[in-house]
Amino acid sequence: SDTITVVGPTDAPATSAPVTPTPGNVAPGKTWASDFTTNWVLNGDEVTFTFVCTVGKWCALGFGSSMSDADVVVCDATTCLDMTSSGRANPSKDTSQDITGVSNTGTAGGKYTVQWTRKLVTTDATDKTITKDVPTNVIWAFGPGTMDASGGISMHTATTDRNSDTITVVSPTPGSAAKTWASDFTMNWVL
């Protein structure tokens, strides 16, 4: 176990530099595994997600607590698709693509970076609502290869390539900080 201290902008320790919400340096975020990091920034009624993934792999983030009923976004180095999952099978492409602003912001160090934006509340019945300042159940996964045009992907290959967690979407503010516990887990937080 460990302790984190949430500090305001005026009492931040010298080692806690504010995290500026810019591509590649977005707060808050989570490193799911060495192959997949997710960051997000709230902007009004929309949230922009940034995925940093290993080249040659797809990465996915699903809103929900399991694959049996999840609103999923799957990305590879060239595109992202809004999908839905109804069980332990390949997610299917939503008829309503409620993600916008999909862009590949570059490749460096064997990792690619993609960004996409969605509304906190969409009109798609298969999309989950993301509520600001409230923990949201998520599932995440990554696997080998890229997506085909209909969103088909290869199955993740190990139990370490998928899991569930929670994220909380909050507005970025000065006074952000981060802590790395191990090479596979970094957590950022915002006051």
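A residue is taken as buried when its relative accessible area is under 20%, as exposed when this area is over 50%, and as partly exposed in between, with a 1.4 Å probe and protein chains only. By this definition, 45% of the 191 residues of the chain are buried. The structure is a predicted model, in which local features need pLDDT of at least 70 and side-chain atom pairs count only at pLDDT 80 or more, while totals for chains, interfaces and linings use all residues. Residues are numbered from 1 along each chain as its sequence is written, and side-chain values use heavy atoms, with hydrogens and water left out.

The chain contains zero helices and 13 strands. Both kinds of element are DSSP runs numbered from the N terminus, helices being H or I with at least four residues and strands E with at least two. The accessible surface of the chain, from the Shrake-Rupley method with a 1.4 Å probe, is about 9,300 Å², and carbon and sulfur atoms account for 53% of this area. Contact is defined as heavy atoms within 4.5 Å. Of the contacts between residues at least 6 apart in sequence, 56% link residues at least 24 apart.

Six strands form an open sheet in the order β7-β6-β5-β4-β10-β11, and their pairing is antiparallel. The edges are β7 (92-93) and β11 (162-167), each of which pairs on one side only. Two strands are counted as paired if DSSP finds at least two bridges between them. In general, strands of a sheet pair through backbone hydrogen bonds, either parallel or antiparallel. Strand β4 (residues 57-63) runs antiparallel to β10, and seven bridges join the two. Ala-60 lies opposite Ala-141 of β10.

The loop between β9 (111-119) and β10 (136-144) includes Leu-120. Leu-120 has a relative accessible area of 11% and is therefore buried. Apart from neighbours within four places in sequence, the contacts of Leu-120 include Leu-42, Gly-44, Asp-45, Glu-46 and Val-47, as well as Lys-128, Thr-129, Ile-130 and Val-169. Lys-132 is 12 residues from Leu-120 in sequence, and the C-alpha atoms of the two are 7.9 Å apart in space.

Asp-133 is also located in the loop between β9 and β10. With a relative accessible area of 47%, Asp-133 is classed as partly exposed. Most residues other than glycine have a negative phi. Asp-133, which is not glycine, has a positive phi near 65°.
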